[in-house]
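Here is a short report on helix packing and strand pairing. Look over the sequence and the fold before reading on.

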Amino acid sequence: MEYKVYYLKPSKDYEKKRFGFAESPAHINSSLLYEGVPLEIEWKLITLEMPYGDFPDFLDCSLNKPLCSNELKNLINENCNNKADINRLPVNISNGVKLETYYFLHVPHFTPNVIDMDKSWRDEDVIFAPHFKRELIINKDVFASDDDLTKVYFSEKLKKSIEKSNLKGVGFDSWKAS
């Protein structure tokens, strides 16, 4: 049986619906939010600017980290079997008129050796299409990999729960696992 792993990305209609894009100030370094790595400093509320567009439930941003609305964060909390493994880091998003709170999902501890290097499409240093080891993730709805510190991965069960909710701007990409 084929098993897939998913990560969040903008929905196919993201641009057409004119959802926004959050931009971070230059002094904020995305390496603070690497997945699988505990925060080295106490999290302080930051503000990102959204110069155009509407507030969706998934917000793309210049830090290359998914931002979740309160609704998406709550849906993940309600449907995730390992929700204690996730930090929800609040972020203010300003469009110049309104201020909304979003959340970075941060998984501070990765699942080691979760990518099957023999089945993945890669060169020596870069993994283009990871293939996950199913036995290491089968009981996790959310996890991070030590081979890619930029993504939070989701189970198919959690993906389906999110899709049923009709939240705005939420899309997925998938990788195989066996």
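A crossing is right-handed if the near helix is turned clockwise from the far one by less than a right angle, and left-handed if anticlockwise. The model discussed here is predicted.

**Helix packing**

By that rule, α1 passes α3 in a right-handed crossing. Helix α1 covers residues 70-79 and helix α3 residues 156-164; their axes come within 10 Å and cross at roughly 135°. Angles over 145 degrees would count as roughly antiparallel, so α1 is oblique to α3.

Which residues meet? From α1 come Leu72, Leu75, Ile76 and Asn79; from α3 come Lys157, Leu158, Ser161 and Ile162. Five residues of this contact are nonpolar, two are polar and one is charged.

**Strand pairing**

| Strands | Sense | Bridges | Residue pair |
|---|---|---|---|
| β1 (residues 3-10) and β13 (residues 170-177) | antiparallel | eight | Tyr7 and Asp173 |
| β10 (residues 131-132) and β13 | parallel | two | His131 and Lys176 |
| β6 (residues 87-94) and β7 | antiparallel | eight | Arg88 and Leu105 |

Strand β13 pairs with β1 in the antiparallel sense and with β10 in the parallel sense.

What lies between β6 and β7? The two strands form a hairpin, with four residues between them. Gly96 sits in the turn and has a positive phi of about 90°.

How values were computed: Residues numbered from 1 in each chain as written. Predicted model: local features only at pLDDT ≥ 70, side-chain atom pairs only at ≥ 80, totals over all residues. Heavy atoms only, no water. Axes fitted to C-alpha atoms, helices over the stretch in contact; angles between N-to-C directions. Parallel < 35°, antiparallel > 145°, perpendicular 65-115°, else oblique. Contact = heavy atoms within 4.5 Å. Nonpolar A, V, L, I, M, F, W, Y, C, P; charged D, E, K, R; others polar. Pairing = 2+ DSSP bridges.
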